[in-house]
Amino acid sequence: MRESLVAILVTVISVLGAIHQVKSHEDQPLSGIAVHKITFGLNEKAYVKASPTVLGSNGQHSELVLVQYSSPKPSDDDWIGVFSPADFNASTCPGDNKMVQPPRLCSAPVKFQYANFSNPRYTNTGTGSLKLQLINQRSDFSFALFSGGLLNPKLVAISNKVAFENPNAPVYPRLALGKEWDEMTVTWTSGYGLNLAEPVVEWGVKGGERKLSPAGTLTFARNSMCGAPARTVGWRDPGYIHTAFLKELWPNSKYTYRVGHRLSNGALIWSKEYQFKSSPFPGQNSVQQVVIFGDMGKAEVDGSSEYNDFQRASLNTTKQLIKDLKKTDAVFHIGDICYANGYLSQWDQFIAQIEPIASTVPYMIASGNHERVWPNSGSFYEGLDSGGECGVPAETMFYVPAQNRAKVWYSSDYGMFRFCVADTEHDWREGTEQYNFIEHCLASVDRQKQPWLIFLAHRVLGYSSTYFYAEEGSFAEPMGRESLQKLWQKYKVDIAIYGHAHNYERTCPVYQSVCTSHEKSNYKAPLNGTIHIVAGGGGAGLAEFSDLQPNWSLFRDYDYGFLKLTAIDHSNLLFEYKKSSDGRVHDSFTISKDYRDILACAVDSCPATTLAS
């Protein structure tokens, strides 16, 4: 009886999960292009010209290209597609097993824009121009003019080719905390396979002696994807992803580094120089500031590939994080990272967008439904949210200090913080491998040294009054709190933070849906409960709240924003919610505690006094 009930619940979860996640999958801008319907109608009187033809001559990996075009039969729904590699048409596509009428398109563009975007007289004159930003994506580019809109596109004209001077160059370094507190990892992307060059990092204390460290190399192939569009029109070669481990770092010290490749002839190709600050020693009493958010996505600064303004706010979030970078020690992006949804070119564009942040402070990720979920792929949920990626690009593009990178759960220590990061796309319930990990992560921290215990996950396992959770009646993922709330309570988790619901919400300190404190801004431990936060307003389209605001819900905001946790010392923590539009604090609270309050002990079993008192 119990087994059959569990099976029914899992089925319900799968169906509900699919229902309230499909919308964002459809919102991927490139998914609106009917690539399989494209016909060829090249017109001798039409043209597309792009300049300059060589990009990155000064070492830059992003450059604006002027695209000029003309059509003898202009229309409001004409559009320009940016393709890479430049030769995008073929007689057959991978996977075809029958004869087709040549030529046809096998891949979606990497971005697109309507021909009349900055040319209001285009339909009268038939001529126009656009300035489009390209990033180094390891191959050449061409621009194509289409008529017929996105649903019935006809290819009218193709431009000359444009390419970066060194398309293979090492680009977009992203830092991550290692498995040990004195280790930093650096990951980057290039076009150099091991048959062409050896990946290396040159690094050292700022102003001190430099050393060279080798890097490992990973990539993945089309058949690593689980389905369409990742395996079909959305596929694009990801290049090579390199990761080096910089070990035995001095605590709280500034380091400089650059990533590069040693060619077979001995020549070295280097990126520009970057710098980072190493982690403090666990328990070190210094001001430590960590930013947390989920569901950011990417957007184009040139306004291209827009769909109902979806994810434009991601640029605002990125801008605010860069602005406050000198007061940020680490970033946790807790799932739904770039919403590539199977269009793999978007991963390059995302890591280029966050490069100023991720190259300077560790950029830690969690797994979300838009990275992982796909039928029969081992996901806890059913659905099509990953667009066939089933976790592979995210787990390869970013390093996490997990025992198994396909199981994105891990612990991370930063000074006075212990972060326990869960993977909601795998089963977390009692008795599972992940549940055992979560308990070990919470139980193993020394609260005298690291008093601030933070639980992070993508889907809301705690509390949310977002409309779809309210409709389900659970105000969270079904079964989310059932297994985990006794762990949060037993080990005195201070704050639990989630994404998935695209808004901001803060609860009171709560246990079993009951507030354990009626204070709202200045908490003094023991809280006797955990404060739960939804921080899913990183940039993707917002989600409405339910009309009902439960008693445990203290603050709700239907807007874009991110969190900042500041450990002032072992006794004082500052929490701030900042809006992406202005970077200002719109909600905050403090937690104060002393030695007796940070003992990790079972519920109601703490001794009244301790030796310290």
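Two housekeeping points. Residues are numbered from 1 along each chain as its sequence is written, and side-chain values use heavy atoms, with hydrogens and water left out. Because the model is predicted, local features need pLDDT of at least 70 and side-chain atom pairs count only at pLDDT 80 or more, while totals for chains, interfaces and linings use all residues.

Take Y339. Y339 sits in the loop between β22 (330-334) and α5 (345-353). Helices here are DSSP runs of H or I, at least four residues, and strands are runs of E, at least two, numbered from the N terminus. Is Y339 buried or exposed? Buried, with a relative accessible area of 1%. Buried means under 20% relative accessible area, exposed over 50%, partly exposed in between, with a 1.4 Å probe and protein chains only.

Y339 also makes a side-chain polar contact with the side chain of D295, at 3.3 Å. A polar contact is a pair of N or O atoms within 3.5 Å; within protein, one must be able to donate a hydrogen and the other to accept it, and residues adjacent in sequence count only if both atoms are side-chain atoms.

Now H502. H502 lies in the loop between β27 (495-498) and β28 (504-511). H502 is buried too, with a relative accessible area of 6%. Its side chain meets that of Y339 in a polar contact of 3.2 Å.

Next, helix α9, residues 433-443. Its buried residues are Q434, Y435, F437, I438, C441 and L442. What covers them includes β24 (410-414), β25 (417-421), β26 (452-457) and α11 (480-490). Contact means heavy atoms within 4.5 Å.

Last, V48. V48 is in strand β2, residues 47-51. V48 is buried, with a relative accessible area of 5%. Leaving out residues up to four places away in sequence, V48 touches several others, including V67, Y69, F143 and L145.
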